[in-house]
Amino acid sequence: MTRKLKILVSISQIVYSEYSLEPQMGRACKKKNLLVKRFNLADRCALEEALKIKKEINNVEISAALLGPPEMEWILRACLGFGVDKAIHFIINPAEYYDAHNIALALSQYISDQGFDLIFCSYQDVNSNFQVGPAGSILAELLQYPYLSEVASLKIDPDNESLTVKRKLTKGNRLKVNTPLPAVLSASTVLNEPRYISLHRQKKPAETTITRIAVNKEELQGRYYPAQLTELVAVSPFRPRPKQIPLAGGSLTVQERLDFIIFGGSTVKEKSRLLEGNVKELSNELLNYMIQENFL
Amino acid sequence: MHKEIWVFAEACNNSIERVSLELLGEVRRLSKNGAPTAAVLIGAGISPSLRQTLSQYGAQKIYIVDHEKLLYYQSEIYTHILTQLVRQKKPQIILLGATPNGNDMASRVAARLRVGFVSNCTDLKLNDEGRLVLWKAIRGGKSQAAFMTVGSPQIATVCPDVIGLEKVVPLQTVPVEHLDISWDKNMEKAEVIEFFKGNPATIDITEAEIIVAGGRGVGGVEKWPLIEGLADVIGGAVAGSRMAKDLGCISRDRLVGQTGKNVRPKLYMALGISGASHHVNGLKEAEKVVVINKDRHAPFIKKADLAVIADLQELLPVFKETVTEYFTGGHFSK
């Protein structure tokens, strides 16, 4: 009989900024800015993969860990509904800023105590408000485990001692890698299609208890100095960096010129270039364009 | 004397990732206070052309670690090499592209050196004290936050295409230092089995750099090989609009738009697509859009960077031939 495989899926807290519209009598709808907390898609894919492994191999125990404020516990309840065996909530003070290093530190102690074989820890994501992104690789570094990011497919070897994954690289390239267990992985969103919770499973979470562990920043600092390696300096509405366009075009209107001054670059798309003529000339023009723009 | 600013030049298939070249331009701007710019290149059988490219984009010095075992990225070994280099040379800043490998290595190196690291930055500035202020998108891209790292060197990865390429400088000879860094066999925990080069015809359209998409104007399944033929010649992935999907020309996973996928290629060629908002919504982040349509009043024409008014059945065979001639080195007059 193969040994028991312990899988941990670490879930990050994702905060989206969204608008909601409030209908108003006789007036235009009022726009309200909301901060919506969601279950990260990459984490859902990781959870789905863990559940698939559990279905294929009998002796598997899945735990889900979340580092977040108390109100985020619904994510762990959802995980239990999906079929997770254990849920661990690392409770933090929502007013404090936790960087990836803090998160990795908080998780590392628990992971080394429990002896997990496979740890899914989320990948870089623009939606994170705690800069959760690289926590997986920092965790691997702290635990001295191998780390594979952007996992696009995964197969546990029959002996439960190693696994083979395909990593998603740029331009559709893939890298097939074999690594011994224990290992830290970060799932990519192409790994699988996450499932929804079935109705009969929705009852299970109420019967299962969630392990709660309070995380204290001072305690982390005492264990590993410095525990926090980044400082949050400012938060503002997103203003994309202007591309390197040195001067405002002469064709811009006054409003566009003002936008140009404010944003430091062109904010409007240049007018389309229209080509007409005979087919041979057109195809030559098209080819010229593609060469100029480095597409060929 | 100022410490160096480093750019990790990520090489894949004997070419440097575009984001690394963008970063070299950015470092040229940042290092106006006199800090030298150096590029770090790790790989196997590094060709002189890569060195030339790096110097043309602004590298004033190049550190090379060349070893047959470094053909493909391996987290532990690459991390060890870069960490050793940092300990030897002590740069003040290290910038990497926010690619899967770049993010992976940067965070591991930062953790090993116990210094801060910020991933996926969209902007970076030097403050009066010479520290980097790094901006990154948060909350679904609707807000941004500025971070500063603790410790030295300051490490960050920067998203591709947010900076843009600087003009190349004339080719010059720059000092190249070959470094020999050894590693323990125990570090080779993960073993690379195989590298799969992405085939534009089969890769997911969200990862494609060039997309050739067709719509109802192509003329149905019988004429669809025209689109596939062009995509094959220019190395693009085939996609389509809802109409193309309903006509059976493409599968569900090749559909672009509100009910399909959101794509962000460098070039999106829309052939015989009118440009309904449901479709156009899916390609808002495309860098350049070329539209070929015989209807000059189609909504897509106004949204394109280049619009060609022509009949696809006539233009595509000729264009395909022209591109083939160009690639085979035949005569081409501008």
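Contact here means heavy atoms within 4.5 Å. By that criterion, among contacts in chain A between residues at least 6 apart in sequence, 64% join residues at least 24 apart. In chain B, residues 24 or more positions apart account for 63% of the contacts with a separation of 6 or more. This is a predicted model, in which local features need pLDDT of at least 70 and side-chain atom pairs count only at pLDDT 80 or more, while totals for chains, interfaces and linings use all residues. Residues are numbered from 1 along each chain as its sequence is written, chains are lettered from A and ligands numbered from 1 in the order in which they are written, and side-chain values use heavy atoms, with hydrogens and water left out.

Chain A contains eight helices and 13 strands, and chain B contains nine helices and 17 strands. Helices (H or I, at least four residues) and strands (E, at least two) are DSSP runs, numbered from the N terminus. Of the 296 residues of chain A, 52% count as buried; for the 334 residues of chain B the share is 56%. Buried means under 20% relative accessible area, exposed over 50%, and partly exposed in between (1.4 Å probe, protein chains only).

In chain A, helix α1 covers residues 41-56. Its 16 residues reach 23 Å from first C-alpha to last, close to the 22 Å expected at 1.5 Å a residue; the expected span is 1.5 Å times one less than the number of residues. The buried residues of α1(A) include A:Ala42, A:Cys45, A:Leu47 and A:Ile53, and also A:Asp43, A:Arg44, A:Glu48 and A:Glu49.

Further along chain A, A:Gln144 sits in the loop between α4 (135-143) and β7 (147-156). Its phi is positive, about 60 degrees, although it is not a glycine, and at 49% relative accessibility it counts as partly exposed. A cis peptide bond, with omega about 0 degrees, joins A:Leu181 and A:Pro182. A:Pro182 belongs to the loop between β9 (174-180) and β10 (183-187).

Chain B has a cis bond from B:Ser152 to B:Pro153, with omega near 5 degrees. B:Pro153 is in the loop between β9 (143-149) and β10 (154-158) of chain B.

Two helices of chain B, α3 (residues 75-89) and α4 (residues 100-113), have axes that come within 9 Å and cross at roughly 55 degrees. Axes are lines fitted to C-alpha atoms, for helices over the stretch in contact, and angles run from 0 to 180 degrees between N-to-C directions. The pair is therefore oblique, as angles under 35 degrees count as roughly parallel, over 145 as roughly antiparallel, 65 to 115 as roughly perpendicular and the rest as oblique. Residues making the contact include B:Tyr78, B:Leu82 and B:Val86 of α3(B) and B:Met105, B:Arg108 and B:Val109 of α4(B).

Between α3 and β6 (93-97) of chain B is a loop that holds B:Lys90. B:Lys90 has a positive phi of about 50 degrees without being a glycine, and its relative accessible area of 49% makes it partly exposed.

In chain B, helix α9 (residues 312-327) contains B:Gln313, which is partly exposed at 27% relative accessibility. Not counting residues up to four places away in sequence, B:Gln313 touches B:Gly217, B:Val218, B:Lys223 and B:Leu226. B:Gln313 and B:Leu226 are 87 residues apart in sequence and 7.9 Å apart in space, C-alpha to C-alpha.
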